[in-house]
Amino acid sequence: MIFADTIIISDLHLGSEVSRAPAALRMLKSASFNRLILLGDIFSDLNFRRLKKEHWQFLGHIRKLSNPKRHIEVVWVEGNHDHGLAQMMSHLVGIRVYQEYAWEYCGLRHLAVHGHQFDRFLTRNRVLSAFLSALHLGLQKISFGRKRMIGFLERFDTAWLRLSAKVAAGALGHAKSKNVQRVFCGHTHEALSLTSDGAEYYNTGSWTQDNATYIAIDHQGVRICEYRDPPEELAHDLKEELELDFEDLLAD
């Protein structure tokens, strides 16, 4: 059981073949928290026909969490992949969508922003960047047994790590300009934590890889957590609950 004041997840990419939506949902169902921040790229694109049953189940649970009776604050911060979905998300799951979201906890100012704003390549080459991002997701479906493919992925991941450093630097600069002590991003799919001149930077990682990660914040600090699947018996029970969430969303 996970206990935290705030849980942050990003880059679930609903609609993608590599989205680990069932795992993300199991994590949320096994956690106790006061605030949930969906930190961008929850969708892979605007084509809802690609959403599978388990993707709708995830959205159904988010809608349940946003019910005022639960006393949980649910926040959606827009990413580059779900740009343009703000109004639809507000209607579908009953939560507000932000460009960036700030809050205070334990005397510290926190800021959540997806991070694509600090990706200069993306802002200057939107079409090419969208293609490369789709390619990166697609390659994760391919068997990694071929040496040639492994070499290509290693070079691709090296470029992605360079992007991670650039996004971190941009986010830290943005945090300092707003007098924020902690800043959280997604976008790069690489879990990361850095400290610079008293400001802390954290990247949530993603839910499109085997080592899916998320962030938990409590009075002890910030943790980057890796999700691990539960035993088969518990997974079976959770599957039944997911079916109910899906039915509830369709009923609404």
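A polar contact, as the term is used in these legends, is a pair of N or O atoms within 3.5 Å, of which, within protein, one must be able to donate a hydrogen and the other to accept it. The model shown is a predicted one.

**View 1. The protein as a whole has seven helices and 13 strands.**
The protein has 252 residues, and buried residues make up 50% of them. Among the contacts between residues at least 6 apart in sequence, 68% join residues that are at least 24 apart. The accessible surface comes to about 12900 Å², and carbon and sulfur atoms account for 51% of this surface.

H110 belongs to strand β8, which covers residues 108-113. With a relative accessible area of 1%, H110 counts as buried, because this value is under the 20% limit for that class. A polar atom of the H110 side chain lies 3.0 Å from the backbone oxygen of L108, and the side chain of H110 also makes a polar contact, at 3.1 Å, with the side chain of R182. Leaving aside residues up to four places away in sequence, H110 touches Y101, A102, W103, Y105, V180, R182, F184 and I217.

**View 2. Strand β9 pairs with β8 and with β11.**
Strands β8 and β9 run parallel and are joined by three bridges, with H110 standing opposite R182 of β9. The pairing of β9 with strand β11 (residues 199-203) is parallel as well and extends over four bridges; here V183 stands opposite Y201 of β11. In a regular strand the side chains alternate between the two faces of the sheet. In β9, which covers residues 182-185, R182 and F184 point one way while V183 and C185 point the other way, and all of these residues are buried.

**View 3. The open sheet of six strands has mixed pairing.**
The order of the strands across this sheet is β6-β5-β4-β2-β12-β13. Its edge strands are β6 (97-98) and β13 (221-226), each of which pairs on one side only. Strands of a sheet pair through backbone hydrogen bonds, either parallel or antiparallel. Within this sheet, β4 and β5 run parallel and are joined by four bridges, and V75 in β5 is the bridge partner of I37.

**View 4. Helix α2 covers residues 53-65.**
How far apart are the end C-alpha atoms of helix α2, and what span should its 13 residues have? The end C-alpha atoms are 19 Å apart, which agrees with the 18 Å that the 13 residues should span at 1.5 Å a residue. An α-helix has 3.6 residues a turn, so residues three or four places apart point the same way. The buried residues of α2 include H55, F58, L59, I62 and L65, and likewise Q57, G60 and H61.

**View 5. The largest nonpolar core has 39 residues.**
In soluble globular proteins, nonpolar side chains tend to be buried together. Which members of the largest nonpolar core touch the most other members? They are I7, F58, I62 and W207. At least two residues of this core are supplied by each of β2 (6-9), α1, β4 (35-38), α2, β5 (73-77), α3 (86-92) and β12 (213-218), and the largest share, six residues, comes from α1. F58 touches I9, L12, L14, A21, A24, L25, L28, L38 and I42, when residues up to four places away in sequence are not counted.

**View 6. K29 lies in helix α1.**
Helix α1 covers residues 21-29, and K29 has its place there. Is K29 buried, partly exposed or exposed? K29 is partly exposed, because its relative accessible area of 21% falls between the limits of 20% and 50%. Although K29 and I2 are 27 residues apart in sequence, their C-alpha atoms are 9.5 Å apart in space.

**View 7. C106 and H187 have positive phi values.**
C106, a residue other than glycine, has a phi near 55° and is found in the loop between β7 (100-105) and β8. H187, also not a glycine, has a phi of about 75°, and is found in the loop between β9 and β10 (192-196). H187 is buried, with a relative accessible area of 7%.

Conventions. Residues are numbered from 1 along each chain as its sequence is written. This is a predicted model: local features need pLDDT of at least 70, side-chain atom pairs count only at pLDDT 80 or more; totals for chains, interfaces and linings use all residues. Side-chain values use heavy atoms; hydrogens and water are left out. Buried means under 20% relative accessible area, exposed over 50%, partly exposed in between (1.4 Å probe, protein chains only). Contact means heavy atoms within 4.5 Å. Two strands pair if DSSP finds at least two bridges between them. The expected span of a helix is 1.5 Å times one less than its number of residues. A nonpolar core is a set of buried Ala, Val, Leu, Ile, Met, Phe, Trp, Tyr and Cys residues joined through side-chain atoms within 4.5 Å. Accessible areas come from the Shrake-Rupley method with a 1.4 Å probe; for residues, only the protein chains shown count as cover.
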